[in-house]
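Me: I would like to go through a structure feature by feature. Please give the general idea each time, then the case at hand.

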Amino acid sequence: MGKQASSRGLWVNSGNGVSFVPVDIGHQDYMAVVSHDTAFWALVGRDELADVFSPDHPLSREYRQKAEEFMQEMDALRCSLKPSAVYVNPTERCNLDCSYCYIPGDMRRDGVDMSSEDLIESLTRLQAYFSRHVPRGFRPEVIFHGSEPLMNRRAVFDAISHFGDSFRFGVQTNGTLLDREAVDFLTSRNVGIGLSLDAHQPGLMATTRKTWSGDGVFDSVLASMEMLRGYDSYSVICTVTKQNMASLVDVIEFLHGAGVPVCMLNPVRCTQPGGEAEKPDEAAMAGHYLQALERSHQLYRETGRKIVVANFANIMLSILAPTARKLMCDISPCGGGRCFVALSAKGDIFPCSEFVGLEEFNGGNVFRDEIDDILETSAFRMVTGRKVEQIEPCHRCAIRHFCGSPCPAEAWSMHGHMDTPGAFCELYEEQVRFAMRMIADGHADDFLEDGWDNGAETIVDFSAPSCRA
């Protein structure tokens, strides 16, 4: 290691001084000041921005005293976690042929199922891993994922019955195979249920989500939504494509009217050619996306009932309370292979479900290999070692730790390597700026689930009237 600089660190942005970057958030009164190394931020009055860079200003003085603590917190969040969840594909098959699916078509059409016995055995092995690495009292999470997990309904239900409260269970389904018996089984066990609905009317949804024979499934999903009305552990994913991006406000209004408590507006993943073909113009999508967020806020103000857009809420949490975020895609390294893994119907383990169609990221097999060894393979190391500091232009981006430049599977599929930004950089820019405007106006809680700040603490409380952190 080279000799340390002799600077006493008195001055912002030079020598050993703290680093602050001003960011225009589009607010008439406030700008943001961000330390891109620690994700620390503050909102500063536009007319007092220059004062922040004085060594005697409370912001720079008090941050200097806490900078090391913030860095340690960020490093722990990014580098010290072990997987505590698994996304399980109990079957390779799906009854739908969605145009953008990240699972290859031949696998979805002709793939294999995992038997009940093998599924229980694989989860038993994962349970043993979790018991060694997950804090006592914490229940690991098992999410049955797609293809379509209810194509292998018996195995899924057998596993849930076998393990009971040992895991927190979830099912992400296209919603076409749910019936009253299935809903009663899942809700009686407090299983999280996610459905997929990409539009507010049948014709638009059928442009991307349809059966192998080309039929739409809008009515089937609506029937499932109605059965789940009033169930708290229920959400809906809307995949945003060039087909539906102009209708996101309509989608939010439709879901709110249907009583959906939580939704996700997920930009299409470009890990397969079909997904890349559906990629929307990013600038146009960002505009429609923010309009949808604004509409969700208006609906809450008008009715007193929230519809939380979970992936935007995660961006908000990355700013307000980084360690409280629930989704681990919007961080670098991402959660793949670090906070969760994906288990295929053949027992193969991948860093994340997005990699299931990319065989070069197969780390090993749950029936043959130790989980600890799988996590150390080069396939996993490529994902867990991907950091924004190594990516252009992310390494010089002030908001890099609010975004994380997702998704590594997408970067690999589109460009053949990891050291490239995700597909939707500008969308993240606009979400962060919008979130900070909402914070400045005192509306942050309106976009978050109730109780999000239980257990949170204020580490620095700046006394300067122009600063809000």
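Predicted model: local features only at pLDDT ≥ 70, side-chain atom pairs only at ≥ 80, totals over all residues.

Me: Which residues does the "Radical SAM core" annotation cover?

Reply: UniProt positions are given in the numbering used here, with shortened feature names, and annotations may be inferred rather than shown by experiment. The unreviewed UniProt entry places this domain at residues 80–306. Helices (H or I, at least four residues) and strands (E, at least two) are DSSP runs, numbered from the N terminus. The span is 42% helix and 14% strand, and its end C-alpha atoms lie 34 Å apart.

Me: In which sense do β4 and β5 pair?

Reply: Two strands pair if DSSP finds at least two bridges between them. Strand β4 (residues 85–88) and strand β5 (residues 141–144) are parallel, with four bridges; V86 has V142 of β5 as its bridge partner. β5 also pairs in the parallel sense with β6 (residues 168–172), over four bridges, and there I143 is partnered by G170. Between β5 and β6 the chain passes through helix α4 (residues 153–163) in a right-handed β-α-β crossover. Right-handed means that, with the strands pointing away from the viewer, the path from the first strand over the helix to the second runs clockwise.

Me: How many cavities are there?

Reply: On a 1 Å grid over the protein atoms alone, a cavity is a set of points where a 1.4 Å probe fits but cannot get out; a pocket is an open set with protein on both sides within 12 Å along at least five of seven lines, and lining residues have an atom within 4 Å of a point. Grid points are joined across faces, edges and corners, and a volume is the space filled by probe spheres set on the points. There are two cavities of 30 Å³ or more. The largest holds about 50 Å³, and its lining includes S296, H297, D446 and F447. Helix α10 (282–303) and strand β10 (308–309) each give two or more residues to that lining.

Me: What lies nearest the centre of the second largest pocket?

Reply: C397, A398, I399, C425 and E429 do, among 21 lining residues. The volume of this pocket is about 310 Å³. α16 gives the most to its lining, four residues.

Terms used: Residues numbered from 1 in each chain as written. Heavy atoms only, no water.
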